[in-house]
Amino acid sequence: MRRLAAIAGIIALAACSTSSGRTGSGDAAPGTGSPTTSASSGTGGSSASSAAAAVETVMAEVSIPWDVAVLPDGGLLVTERPGRMQLRTAAGEVHRVTADLEDVYAESEGGLLGLALAPDFASSRTFVTCQTHQEGGDPVDVRVIRWRLSGDGRSAERDGTPVVAGLPISSGRHSGCRLLFAPDGTLHVGTGDAAQGRNPQDPVSLGGKTLRVNLDGSVPADNPHAAKGTPAAYVFTSGHRNVQGLALRPGTGQIWSAEHGPDRDDEVNIIRKGANYGWDPSSADYDESVPMTDREKFPDAVAAQWSSGSPTVATSGAAFLTGKAWGRWDGALAVALLKGSGVLVMTLDGDRVTRVERMPQVDERFGRLRALRSAPDGSLYVTTSNSSGDSREDLVLRLAPAAPR
Ligand SMILES: [Ca+2]
C-alpha cells in the first residue's frame, strides 16, 4: 500500500511537470497550479497519522477508474475510461467484465465514464453507463447506454438503443458525464459543454446541462420543458460547464453537483428543476474568461453553494457521508479533487456550507482523485486518476468511516 501510494505520488509529480497547454481545471491533464486547495475554501484540519489504517486498496492496476458502483452483495463494478469494465466480487476476486465497448472514443477527457445501477438492479441486473461514441474513428456524441450484468458478473449485455444520445462532443474535452438515479427512479445525467460556446445556454443542446430521463429513454412528464419535445425535453438544468459529480443527499430528494471552473471557481451547486447555473462562454468561440455564474447576464442564475475561488482544485466525484461513525461529518458532502489531490468534506447547516476540511485519510497521498461513492455500510469508495493512456497506475480505495477530531 505504502509503495503504491508512493508510486502514485511520483506519477502525479511527473505529470505536473508537463503543461497541458490548455486553459482549464486540469481534468484531462494535471494543471500547473498548486496541488493544495485555496485558502478561500476555508480549510482546516491536517493529516492524521492514525488515519492511514482506515484506507484499504481494493483494486490496483486499473486505468482511470472513472466511476464505481457498489453491488447489493458488496461487490464493486468499475468503469475505466479507456473502455473497460472490471468487477471485484464480495470475496475480493477481480475480473474483467466482457462487454461490447468497441465504439468508445477514448480520447482527451472522453471514454467510458459514469456508471449507475438501476434502482431494481438486485432483480434486473440492469445498469447504465455514460460514454463517448465514435464511428469510423470520428467522435459522434456522448450517450447513455443500458446494460444487463450476467449472473456470474463476467459479462454485460448491451441494449442496442441508447437511453439518451446526442450529448455533444468535440475533441473529447468536457465530455461530462456523471449518472445518478433519484429516489423517484429518474436518471439524472451531468453533462459537459464539449468546450463549445453556445451549448450551455442553448435549449436544444444537451451539453452543459443536467438531464433527467426515465430508464427506458422516455421523458418524465414533469420535466421543466417536457412539452417542447426532445431533445429540449430532457433538459433539467442549464448553464453548466462540466458536471463531474452528482450526489443524492440522504433523507431528501436533493441532488448536489460538482463542476469544474476554468482557471477559477470550481463550483458545488444544488440542482433545482428548470434553473440556470449561469455559464455562457458564447461571446467568442469559447470564451472562458466569463464568470462561472454570470448573474449580470442571468439575474436568476443560481449561485453556487461553494466556489473554490482561485486557484481551482478540479472538483470531481461527490458523495454524502452517512453513518454515525463519521462523527460530525455524518451528512456532510465529500468532493474528490483531481488537481487538488484529495477530498474536501463540506459540513452543511441546512443548505449552507459552513465548514470545509480536507479528509486526512487520502490527503496528497494518492495523487489525483476522481470518483466517490458511499456504500450502504457507511464506507466510502474513492478512485484515483493518475494513468496516462491505458497505463494501469490507478487504484480503487475503500475508506472506513473515521470521525474527525
Ligand atoms: Ca454556475
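**Before you start**

The model is predicted, so local features are given only where pLDDT is at least 70 and side-chain atom pairs count only at pLDDT 80 or more, while totals for chains, interfaces and linings use all residues. Residues are numbered from 1 along each chain as its sequence is written.

**The whole chain**

Begin with the protein chain in a cartoon view, where the secondary structure comes to two helices and 25 strands; helices (H or I, at least four residues) and strands (E, at least two) are DSSP runs, numbered from the N terminus. Of the 405 residues of the protein chain, 53% count as buried. A residue is buried if 20 or more other C-beta atoms lie within 10 Å of its own, exposed if 12 or fewer, and partly exposed in between, with C-beta atoms placed from the backbone. Among contacts between residues at least 6 apart in sequence, 60% join residues at least 24 apart, where a contact means that the C-beta atoms of two residues, placed from the backbone, lie within 7 Å.

**First sheet: β1, β25, β24 and β23**

Select these four strands, which form an open sheet in the order β1-β25-β24-β23 with antiparallel pairing; two strands pair if DSSP finds at least two bridges between them. The edge strands are β1 (55-62) and β23 (369-374), each of which pairs on one side only. On average, and with direction ignored, neighbouring strands of this sheet are turned by 20° against each other, the axes being lines fitted to C-alpha atoms, for helices over the stretch in contact, and the angles running from 0 to 180 degrees between N-to-C directions.

Now select β23 with β24 (residues 380-384), two antiparallel strands joined by four bridges, and find serine 374 opposite leucine 380 in β24. The two strands form a hairpin with five residues between them, and glycine 378 in the turn has a positive phi of about 95°. On to β25 (residues 394-399), which pairs with β24 in the antiparallel sense over four bridges, with threonine 383 opposite valine 396 in β25.

Is β24 enclosed or open to the outside? Five of the five residues of β24 are buried, so this strand is largely enclosed by the rest of the structure. Leu380, Val382 and Thr384 point one way from β24, whereas Tyr381 and Thr383 point the other way.

**Into the core**

Stay with Val382, which is one of the residues that touch the most other members of the largest nonpolar core, a group of 95 residues; the others are Ala318, Ala334, Val335 and Val343. A nonpolar core is a set of buried Ala, Val, Leu, Ile, Met, Phe, Trp, Tyr and Cys residues joined through C-beta atoms within 7 Å. Not counting residues up to four places away in sequence, valine 382 touches Ala336, Val343, Val362, Leu369, Leu372, Leu397 and Leu399. In soluble globular proteins, nonpolar side chains tend to be buried together.

Next select the open sheet of four strands in the order β2-β3-β4-β5, where the pairing is antiparallel. β2 (65-70) and β5 (94-97) stand at the edges with a single partner strand each, so one side of each is left without a neighbour in the sheet. Neighbouring strands here are turned by 25° against each other on average, direction ignored. Four bridges pair β4 (residues 84-88) with β5 in the antiparallel sense, and the bridge partner of glutamine 86 is arginine 96 in β5.

Most residues other than glycine have a negative phi, and most peptide bonds are trans. Select glutamate 61, which has a positive phi of about 55° although it is not a glycine, and which lies in strand β1. Serine 108, with a positive phi near 50°, lies in the loop between β5 and β6 (112-117).

Two peptide bonds come next. A cis bond joins glycine 176 and cysteine 177, with omega about 10°, and cysteine 177 is in the loop between β10 (164-167) and β11 (178-181). The bond from threonine 230 to proline 231 is also cis, with omega near 5°, and proline 231 is found in the loop between β13 (209-213) and β14 (235-238).
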